[in-house]
Amino acid sequence: MNSPLLQDPLIRGLVDDGTTGQVLKPAQIEAIRALKAAVQKGELRMEPRGCVCGKLGPGKLVAGRDRYGLSVQTYLCECGILYSSPRLDESSLALFYRDYYRPMYMGEAKASDQFFEKQTRIGVGILTRLKAHLPAKGTIYDVGCGAGGTLVAFSQAGWTVRGCDFGRDFLEKGRSHGLDLVEGDAGTLATYGPADVLMANHVLEHTHDPKATLQLWASLVKDGGIVYLEVPGALRMFEKFRPVARYFHLGHTFHFTLHSLANLASECGLELVEGHERVWAIFRKTGQPKPGTYPGVAAQVEAYIQRSQRPTAALRRKLARIARQTLKRPEG
């Protein structure tokens, strides 16, 4: 999984040195070992790819490794979207999420009660955020639903709920709670007809082709319906992830700002209704794709990265105090 780096990364310290951004559980270490073996055997394939906007790059190197010490190069495209290259090809991604992702990400292959409860709390928050934009009742799809806990609040509010995911063991957890969950991608939900709402909580950043994915998701929603998305915010990475190495992940193939996400969505006939740089965003399906415009987004992301790495005023004072104390020490 190694490839030569011709640039120093914009985020200092995130060079391809095999170090991790966190303490790993034994199950995570074993999953990483198994993943590396699968890549070496050709069971999982990495391929060089450009940005979703169509530019082949290379962009500016942002990071040379991910949170697990894997050689994952993340670039900043001039359109403002961050992308990984090389990355798992489309068929390998499905295998990755079925067999490796949950053990590597969480250190467990099955959904715990705590995980399901956490998802349930997240679902309550999403329902609260969406209420002003929703009919009283309807049908909602959850793509990449994990154990499906985010659907519980909607089900209790009288909605028809369905979800899909590649993780078989996690799906079983939700099914044991009476949720209608199917194995596979969003296409598996097409047989049920169009929904009033589709939500994807931290899913789009994992996809092989976000534009094609958004087009598929939009096709599963009625005209005038809602698409709700959450993704890691490229303009919040230093605030939300400590250390920032935890922001980068083999499965995170793309990273967005609210602006770049809204532009990509507009190309898929989705109009931004409300959003935040964290990023969460509410879109309404217009069915009328519009060209995206990305002026200044890349410069904004690069400036944010540079600014976030400067020492804080408190740290500068501490360093100055240490320097003064060092100068006062007698020789010998």
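## Before we start

You are looking at a predicted model, in which local features need pLDDT of at least 70 and side-chain atom pairs count only at pLDDT 80 or more, while totals for chains, interfaces and linings use all residues. Residues are numbered from 1 along each chain as its sequence is written, and side-chain values use heavy atoms, with hydrogens and water left out.

Some words come up again and again, so let us settle them here. Helices (H or I, at least four residues) and strands (E, at least two) are DSSP runs, numbered from the N terminus. A residue is called buried under 20% relative accessible area, exposed over 50%, and partly exposed in between (1.4 Å probe, protein chains only).

## Salt bridges that join parts of the chain

How many salt bridges does the structure hold? There are 16, where a salt bridge is a side-chain nitrogen of Lys or Arg within 4 Å of a carboxyl oxygen of Asp or Glu. One of them joins K173 to D113, with the closest N and O atoms 2.3 Å apart. Since K173 belongs to helix α6 (residues 168-175) and D113 to helix α4, the pair ties together parts that are 60 residues apart in sequence. K173 is buried at 17% relative accessible area, whereas D113 is partly exposed at 44%.

E183 and R168 form a salt bridge whose closest N and O atoms are 2.8 Å apart. With E183 in strand β8 (residues 181-183) and R168 in helix α6, parts that are 15 residues apart in sequence are tied together. Both ends are partly exposed: E183 has a relative accessible area of 35%, and R168 has 46%.

Now look for K118, R121, K240 and R278, which form a positive surface patch. Patches are made of residues with over 30% relative accessible area and no salt bridge; like charges are joined within 9 Å, and nonpolar side chains (Val, Leu, Ile, Met, Phe, Trp, Tyr) within 5 Å.

You can find K118 in helix α4, which spans residues 113-130. K118 counts as partly exposed because its relative accessibility is 49%.

Which residues are linked into a cluster by ring pairs? They are F96, Y97, Y101 and Y105. Rings of Phe, Tyr and Trp (its six-membered ring) pair if their centres lie within 6.5 Å; planes under 30 degrees apart count as stacked, over 60 as edge-to-face and the rest as tilted.

Searching the whole structure turns up ten aromatic pairs. In the pair of Y97 and Y101, the ring centres are 5.0 Å apart and the planes stand at 70°, so this one is edge-to-face. Y97 is buried, at 13% relative accessible area, and Y101 is buried too, at 10%.

## Backbone spots worth a look

Two peptide bonds deserve a glance. The bond from S85 to P86 is cis, with omega near 0°, and P86 is in the loop between β4 (82-84) and β5. The bond from R278 to V279 is also cis, with omega near 5°; V279 lies in the loop between β12 (270-276) and β13 (280-285). You have already met R278 as a member of the positive patch.

H202 is not a glycine, yet its phi is positive, near 60°. The residue is in the loop between β9 (195-201) and α7 (210-219). Is H202 buried or partly exposed? At 30% relative accessibility, H202 counts as partly exposed.

## Two distances across the model

L88, in strand β5 (residues 87-88), is buried at 2% relative accessibility. Its C-alpha atom is separated by 28 Å from that of R162, 74 residues apart along the chain.

T74 is in strand β3 (residues 74-76) and is buried, with a relative accessible area of 1%. T74 and A136 are 62 residues apart in sequence, and their C-alpha atoms are 42 Å apart in space.

Key:
Accessible areas come from the Shrake-Rupley method with a 1.4 Å probe; for residues, only the protein chains shown count as cover. Lys and Arg count as positive and Asp and Glu as negative; His and the chain ends are not counted. The place of a charge is taken as NZ of Lys, CZ of Arg, CG of Asp or CD of Glu.
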